[in-house]
Amino acid sequence: MSWQPVIDSAALPPGGVAAARLDGTDVVVWRGRDGALGAMTRWCPHLDLDLADGFVDGNDLVCPGHGWSFTCAGRAQKRTEHGRVDDKGPVVHWQVRDESGTIQAVR
């Protein structure tokens with residue numbers, strides 16, 4: 001598979017979240033606070049909420065409804081009220097890079 005353009009890099013600052021379309025699939029892309037990039041299916045696997053309405057915490061995308069978070073490496077997590085992080089397993093995600101001013105992805 002080849003890298004595909006997703007969004008202009010300037011449109012996704014650190015902490016930014018955006019909806020996009022890849023391979024006929026609705027996706028959400030985000031840039032972590034330190035510049036790390038993530039992309040996954042747009043709808044939360046837990047409650048089917050729109051992750052484009054989520055927010056970035058560190059480098060993780062956080063669901064707006066229930067607080068699950070998603071890593072740039074494609075893992076779902078739930079932080080408990082006691083600070084423990086429970087791994088909820090893998091999610092459908094894409095590898096992402098910033099190349100020549102364009103965010104690109106490949107699966």
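A polar contact is a pair of N or O atoms within 3.5 Å; within protein, one must be able to donate a hydrogen and the other to accept it, and residues adjacent in sequence count only if both atoms are side-chain atoms. Keep that in mind for a later stop.

This is a predicted model, where local features need pLDDT of at least 70 and side-chain atom pairs count only at pLDDT 80 or more, while totals for chains, interfaces and linings use all residues. Residues are numbered from 1 along each chain as its sequence is written, and side-chain values use heavy atoms, with hydrogens and water left out.

**Stop 1**

Strands here are DSSP runs of E, at least two residues long, numbered from the N terminus. Two of them pair if DSSP finds at least two bridges between them.

Select β1, β11 and β10. These three strands form an open sheet in that order, with antiparallel pairing. At its edges are β1 (4-8) and β10 (95-99), each pairing on one side only. Neighbouring strands of this sheet are turned by 30° against each other on average, direction ignored. For such angles, axes are lines fitted to C-alpha atoms, and values run from 0 to 180 degrees between N-to-C directions.

Zoom in on β1 and β11 (residues 102-106). Four bridges join this antiparallel pair. Pick Q4, and you will find A105 of β11 opposite.

**Stop 2: the sheet with β3**

Now select β2, β3 and β4. They make an open sheet of three strands in the order β2-β3-β4, again with antiparallel pairing. Its edge strands are β2 (17-22) and β4, and each pairs on one side only.

Follow β3 (residues 25-31) alongside β4. Five bridges link the two, in the antiparallel sense. V29 has A39 of β4 as its bridge partner. W30 stands opposite G38 in β4. In a regular strand the side chains alternate between the two faces of the sheet.

Move to the hairpin of β3 and β4, which has five residues between the strands. There, G35 takes a positive phi near 100°.

**Stop 3**

Buried means under 20% relative accessible area, exposed over 50%, and partly exposed in between (1.4 Å probe, protein chains only). By that count, four of the five residues of β4 are buried.

A nonpolar core is a set of buried Ala, Val, Leu, Ile, Met, Phe, Trp, Tyr and Cys residues joined through side-chain atoms within 4.5 Å. Select V6, I7, L12, L22, V29, W94 and I103. Of the 14 residues in the largest core, these touch the most other members. β1, β2, β3, β4 and β11 each supply at least two of its residues. The largest share, three residues, comes from β2. Another core lies apart from it, with 13 residues, among them V28, W30, M40 and L61.

Show what surrounds V29. Its contacts (heavy atoms within 4.5 Å) include V6, I7, L12 and G16, not counting residues up to four places away in sequence.

**Stop 4**

Go to the loop between β4 (37-41) and β5 (55-57), where D53 lies. Is D53 buried or exposed? D53 is exposed, because its relative accessible area is 55%.

Which side chain makes a polar contact with the side chain of R42? The side chain of D50 does, at 2.8 Å. R42 also touches residues including A19, D26, V27 and V28, not counting those up to four places away in sequence.
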